[in-house]
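Welcome! Please take a moment with the sequence and the 3D view below, and then we will walk through some of the details together.

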Amino acid sequence: MLEIAVLISGRGSNLQALIDACADEEFPARIVRVISNKADAYGLERAKKAGIPTTVISHQDYDNKEAFEDAIDQELNACNVKMICLAGFMRILDARFVNRWKDRIINIHPSLLPSFKGLHTHERALESGVRFTGCTVHIVRPEMDDGPIILQAAVAVNPDETADELAGRILEYEHIIYPEALRLMASGKARVAGDKVIIESATYPDGGWINPLPGGDIDL
Ligand code: GRF
């Protein structure tokens, strides 16, 4: 059983997806702590409801980034955390912290990386005219929204929809691929090999695992 911490800054719908997955006894990870840099993050309520201990570590209480990240690091070690899941955590982690936790931090980003790193991904996807966008779960590297890809889900863009509508459709897939990516990492079925993540070939015997196009099957 892999002990994980989830770092959040807000709504926490991905945290909820991870909480729900961990409620299954067979799931290979357990959330031992939720850390938020914002005291009013709604995700903290979700954690409390699920009986998960929470800690607020506000960046505003520290003189610099190093001190803020050291406080997070200390808390993680005190809780015996083995892997960190970033779920809408809105602070960029420094190379020093990321390297200390090398290959043990994962993140979800609402685009098909390496396209549309950063903020306002859905607006930018619509503006750019891409036909597909989606979401990515990846291992965190010091560069923002960069690192070996664990899983992705593609969503066809409807040029007439708003950024909020597109975001809502992608979010549904975020809630599927994040727990699944964590399951793969925690069970050792996925492992980092240099710049890639290798998934054991027997994991998805039919070769693929998801067909998220409209009308397609989601086959986990
Ligand atoms: C998600 O879209 C996630 O991909 C991005 O931030 C958003 C967080 O949403 N990194 P929530 O807090 O998980 O609901």
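## Aromatic pairs

Let us start with the rings. This is a predicted model, and it holds two aromatic pairs. One of them joins tyrosine 62 and phenylalanine 68: the ring centres are 6.2 Å apart and the planes stand at 50 degrees, so the pair is tilted. A pair of aromatic rings is described in just this way, by the distance of the centres and the angle of the planes.

In soluble globular proteins, nonpolar side chains tend to be buried together. Here, the largest nonpolar core has 41 residues. Helix α6, which covers residues 163-187, gives the most to the core, with nine residues. Both domain 1 (1-101) and domain 2 (108-220) take part, each with at least three residues.

Leaving out residues up to four places away in sequence, valine 6 touches Leu15, Leu18, Ile31, Arg33, Val34, Ile35, Cys85 and Ala87. There is also a second, separate core, made up of 19 residues, and Ala5, Ile35, Ile72 and Val140 are among them.

## Around the ligand

Which residues are around the ligand? They are Arg11, Gly12, Ser13, Asn14, Gly88, Ile108, His109, Pro110 and Glu174.

In glycine 12, a backbone N or O atom lies 2.8 Å from a ligand oxygen atom. A polar backbone atom of asparagine 14 is 2.9 Å from an oxygen atom of the ligand. Isoleucine 108 has a backbone N or O atom 3.0 Å from a nitrogen atom of the ligand.

## A closer look at asparagine 14

Where does asparagine 14 sit? This residue is part of helix α1, residues 13-22. Is asparagine 14 buried or exposed? Its relative accessible area is 8%, so asparagine 14 is buried.

Setting aside neighbours within four places in sequence, asparagine 14 is in contact with Ala87, Ile108, Leu171, Glu174, His175 and Tyr178. Ile108 and Glu174 are also listed among the residues around the ligand.

Key:
Residues are numbered from 1 along each chain as its sequence is written. This is a predicted model: local features need pLDDT of at least 70, side-chain atom pairs count only at pLDDT 80 or more; totals for chains, interfaces and linings use all residues. Side-chain values use heavy atoms; hydrogens and water are left out. Rings of Phe, Tyr and Trp (its six-membered ring) pair if their centres lie within 6.5 Å; planes under 30 degrees apart count as stacked, over 60 as edge-to-face and the rest as tilted. A nonpolar core is a set of buried Ala, Val, Leu, Ile, Met, Phe, Trp, Tyr and Cys residues joined through side-chain atoms within 4.5 Å. Buried means under 20% relative accessible area, exposed over 50%, partly exposed in between (1.4 Å probe, protein chains only). Helices (H or I, at least four residues) and strands (E, at least two) are DSSP runs, numbered from the N terminus. Domain bounds come from an automatic or database domain assignment. Contact means heavy atoms within 4.5 Å. A residue is near a molecule or strand if one of its heavy atoms lies within 4 Å of it. A polar contact is a pair of N or O atoms within 3.5 Å; within protein, one must be able to donate a hydrogen and the other to accept it, and residues adjacent in sequence count only if both atoms are side-chain atoms.
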